[in-house]
Structure formats: C-alpha cells, structure tokens
Amino acid sequence: MNQSRLTTTAITALRIVLGFLFAAHGWQKFNEWTIAGTQASFAKMGVPAADVMAPAVAVLELAGGIALILGLLTRVVAALLALNMLGALFLVHASAGVFAANGGYELVLLLAAAAFALALTGAGRVSVDRALFGRRNSKLAVLA
C-alpha cells in the first residue's frame, strides 16, 4: 500500500469516527437530555447565553457530525467543531484537570485536535467535498 492510499484511509477513518462521535453527542443533547435539559446544564456549568448556545451546539454537533461522515464542507465544519470543543475545554473542563472520569478535558482536547487536523487536511479523496470541489480549476478547490 502506498503512502497516498494510507493517507486516504487514515483521513477517511478519522473523519467517519469523529463524525460519528460528534453526531452521537448532538443526538444525545436533543433526545436524551433534551434541549431544555441541555440549556439548564449549560447554565449550571456557567456557559454564557446557555439558552442560545445549547441548541446551537446540539445542531452543530449533530449536523456537523453527519457532514463529517459524508465529507461535506469538512474544513469549515471541522473548524467550527474544534472551536466548540475549545469552548467546552476552557469554560467547563479545564478546572477539573486532565482526566474525563473527573470531568476533565482529555476527551474534549482530543476531539478538538482531531477536528483541527481535519480542518487542515480536508476531507480526503473519499468524500462529497472531493466530488463537488475537487477539480483543479474549481474556485472552491480549497474546500476539497
């Protein structure tokens, strides 16, 4: 297997797994915790504008996760998800230390780093982005 195939496989695997995890967290905010519950939880954690941020984060995580799985607008979505996770890190998890078992930031830092990597690399060859924007003469090739 050459490096190009390995890179394509790695980016695709990262994109799909990361997308699944974000979509699962978004789905959880809608269906398990409910938006009202998520708003209350965000307010208790000190998230500013919790009434607005909770549904915005739920939509970003669910729709953004699905977009990552498909490889659709990957750079933009991944950058937004990385910022989302950095917000969670600094607003909620940093004071609890590293370990997630104690409410720490290890998971959100890993999710932020993975999303940042996809924002830099793009979706890869096996993606909707590549199909839509992958032509060399496309003015939107930066999205591929």
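Reader: How are H3 and H4 oriented to each other?
Author: In this predicted model, local features need pLDDT of at least 70 and side-chain atom pairs count only at pLDDT 80 or more, while totals for chains, interfaces and linings use all residues. Residues are numbered from 1 along each chain as its sequence is written, and side-chain values use heavy atoms, without hydrogens or water. The two helices (DSSP runs of H or I, at least four residues, numbered from the N terminus) pack at an angle of about 140 degrees with their axes 10 Å apart, where axes are lines fitted to C-alpha atoms over the stretch in contact and angles run from 0 to 180 degrees between N-to-C directions. With under 35 degrees counted as roughly parallel, over 145 as roughly antiparallel, 65 to 115 as roughly perpendicular and the rest as oblique, H3 and H4 are therefore oblique.

Reader: How many nonpolar residues are in the contact of H3 with H4?
Author: Val57, Leu60, Glu61, Gly64, Ala67 and Leu68 of H3 meet Thr74, Val77, Ala78, Leu80, Leu81, Asn84 and Met85 of H4, contact being heavy atoms within 4.5 Å. Ala, Val, Leu, Ile, Met, Phe, Trp, Tyr, Cys and Pro count as nonpolar, Asp, Glu, Lys and Arg as charged, and the others, Gly among them, as polar. The contact has three polar residues and one charged, and its nonpolar residues number nine.

Reader: How are H4 and H5 oriented to each other?
Author: Their axes are 8 Å apart, and the angle between them is about 155 degrees. H4 and H5 are therefore roughly antiparallel.

Reader: How many charged residues are in the contact of H4 with H5?
Author: H4 contributes residues including Arg75, Leu81, Met85 and His93, and H5 residues including Val108, Leu111, Phe116 and Thr121. By class there are 17 nonpolar residues and three polar, and the number of charged residues is one.

Reader: What angle do H2 and H3 make?
Author: H2 spans residues 35–45 and H3 residues 50–70. They are therefore oblique to each other. Their axes are 8 Å apart, and the angle is about 120 degrees.

Reader: What separates the C-alpha atoms of Ile35 and Pro55?
Author: Ile35 lies in helix H2. Leaving out residues up to four places away in sequence, Ile35 touches Lys29, Phe30, Ala54, Pro55 and Ala58. Ile35 and Pro55 are 20 residues apart along the chain, and their C-alpha atoms are separated by 6.1 Å.

Reader: Which helix supplies the largest share of the lining of the largest pocket?
Author: On a 1 Å grid over the protein atoms alone, a pocket is an open set of points where a 1.4 Å probe fits, with protein on both sides within 12 Å along at least five of seven lines, and lining residues have an atom within 4 Å of a point. H1 (3–31), H2, H3, H4 (74–93) and H5 (106–121) each supply at least two lining residues. The largest share, eight residues, comes from H4.

Reader: Which residues lie nearest the centre of the largest pocket?
Author: The lining has 19 nonpolar, eight polar and two charged residues. Of the 29 residues that line the pocket, those nearest its centre are Lys29, Phe42, Met85, Ala88 and His93.
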